[in-house]
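Welcome! Here is a short briefing on some side-chain contacts, meant for someone meeting this structure for the first time.

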Amino acid sequence: MGFGIYIHIPFCKQKCFYCDFASTAKKVDETLYEQYINALCQEITMYQALFPDICIDTIYFGGGTPSILPPNLIIRALNTVKANFALNSDIEITLEANPGTVDEQKLQYLYQNGINRLSFGVQAVQDNLLQKIGRIHTIKEAEMAIEMAQKIGFKNISVDLMYGLPGQTLEMLKESVSWAVNKNIQHISIYGLQIEENTVFGRLYDQGKLILPSEDESEMMYDYLTEQLPKYNYNRYEISNFAKIGYESRHNLAYWQDKFYLGLGAGAHGYYNQKRVQNPFDIDEYIKKCNQKILPFINEEIVDEKAHIEEFCFLGLRMAKGIDKEIFKQKFNTDIENLYGEILPNLEKDGLIINTQKYIYLTSKGMKFGNQVFSEFLLD
């Protein structure tokens with residue numbers, strides 16, 4: 001059985017002003033990094049006892065900022081996975097990286113030891129805008145990081161871009177897109193700014209001090225991205241993700257295809273055996289539990305059939321190819337029309353979905369109003 005593994009690295013140099021992910025920017029003694037990786041390796045061996053026969057298809061180091069760690073610690077975690085599980089022969093191993101935390105020596109070491117995909121958080125190409133959103137890197141550092149990675153031999157590189165940022169204009173976004181496509185990268189993720197509680201931007205927004213583009217301006221940015229990127233041969237394979245053919249993120253596709261994965265590290269989520277588990281975000285608590293050889297998750301939720309059907313539809317519709325009707329029938333022993341027979345024609349009439357013999361997928365209009373469509377797949 002193929003599984004993915006997500007490994008969470010919760011450390012950052014500075015918390016981005018929009019970020020509410022499980023991460024800390026507190027200055028820590030670097031011995032904590034080693035203690036954390038030791039605990040992570042212990043968690044890996046405990047999962048091996050639980051799943052001795054699985055094969056790993058993808059590994060994804062996310063954060064936080066995984067590239068903040070000394071590279072030997074990242075590879076120690078990777079080697080522990082390799083020592084405990086069978087790996088797919090063409091396994092995809094991704095590391096998220098902030099351009100301000102890498103150099104040629106670090107990238108070389110990671111490449112030589114098995115990391116074969118990099119995801120750089122760039123977000124924008126204007127230094128003043130990067131400062132305004134709390135990024136620690138400059139656009140020059142982003143350019144250098146990508147060029148170094150390509151020179152070393154990385155052939156699968158992704159870049160994140162954001163739109164709807166304070167002070168951002170459509171022209172600035174066009175500059176970011178032009179910059180990215182001229183870097184000969186394989187994958188681009190786009191994210192609209194979301195204002196989250198307990199973030200710098202959340203507090204500024206509540207105080208009326210955050211000046212954002214208007215809804216119309218943000219919609220123009222979204223339309224530009226979704227119309228322009230395919231013209232540069234970045235095919236939209238998921239609502240927020242564009243890739244050249246063959247370079248889709250296999251790890252993320254596994255999430256959207258309802259496949260099982262282990263979530264390792266403080267704050268990580270996992271999904272297996274029809275249940276979702278979540279580890280504690282408190283780093284000390286996480287390390288303590290792992291050192292006691294106790295699987296560290298603090299929340300365990302059984303995904304009943306109703307929730308499973310709903311999630312299968314939400315996640316499937318995120319992909320450009322949509323919901324595979326045959327797989328739906330295999331999983332739930334019924335045709336999707338038996339459950340949503342009244343809803344599907346209305347969504348089709350409104351131009352939000354296309355319902356073919358094999359697939360149900362969102363139109364471009366449906367992708368823009370995805371949450372509206374997803375809500376229709378909630379079962380009473």
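Does Glu147 count as buried, partly exposed or exposed? At 42% relative accessibility, Glu147 counts as partly exposed. Please keep in mind that this is a predicted model. A search of the whole structure finds 14 salt bridges, and there are 20 aromatic pairs. The points below walk through some of them.

**Salt bridge of Glu147 and Lys183**

- The side chains of Glu147 and Lys183 meet in a salt bridge, with 3.8 Å from N to O.
- Glu147 lies in helix H5, and Lys183 in the loop between helix H6 (170-181) and strand E6 (187-192), so this contact ties together parts that are 36 residues apart in sequence.
- Lys183 counts as buried, at 17% relative accessibility, whereas Glu147 is partly exposed.

**Salt bridge of Glu104 and Lys151**

- Glu104 and Lys151 also form a salt bridge through their side chains, at 3.3 Å from N to O.
- This pair links distant parts of the chain, 47 residues apart: Glu104 sits in helix H3 (residues 104-112) and Lys151 in helix H5 (residues 139-152).
- Glu104 is partly exposed, with a relative accessible area of 32%, while Lys151 counts as exposed at 64%.

- Lys368 and Asp223 meet in a salt bridge of 2.9 Å, N to O.
- Here, too, distant parts of the chain are linked: Lys368 belongs to helix H15 (residues 364-368) and Asp223 to helix H8 (residues 215-228), 145 residues apart.
- Both partners are partly exposed: the relative accessible area is 28% for Lys368 and 21% for Asp223.
- Salt bridges that share partners join Glu219, Asp223 and Lys368 into one network.

- Phe51 and Tyr272 form an edge-to-face aromatic pair, 5.1 Å centre to centre, with 75° between the planes.
- Phe51 lies in the loop between helix H1 (30-50) and strand E2 (55-63), and Tyr272 in strand E10 (residues 269-272), so the pair ties together parts that are 221 residues apart in sequence.

How values were computed:
Residues numbered from 1 in each chain as written. Predicted model: local features only at pLDDT ≥ 70, side-chain atom pairs only at ≥ 80, totals over all residues. Heavy atoms only, no water. Phe/Tyr/Trp six-rings, centres within 6.5 Å; stacked < 30°, edge-to-face > 60°. Helix = DSSP H or I, 4+ residues; strand = E, 2+ residues; numbered from the N terminus. Salt bridge = Lys/Arg side-chain N within 4 Å of Asp/Glu carboxyl O. Buried < 20%, exposed > 50% of the residue type's maximum accessible area, 1.4 Å probe, protein only.
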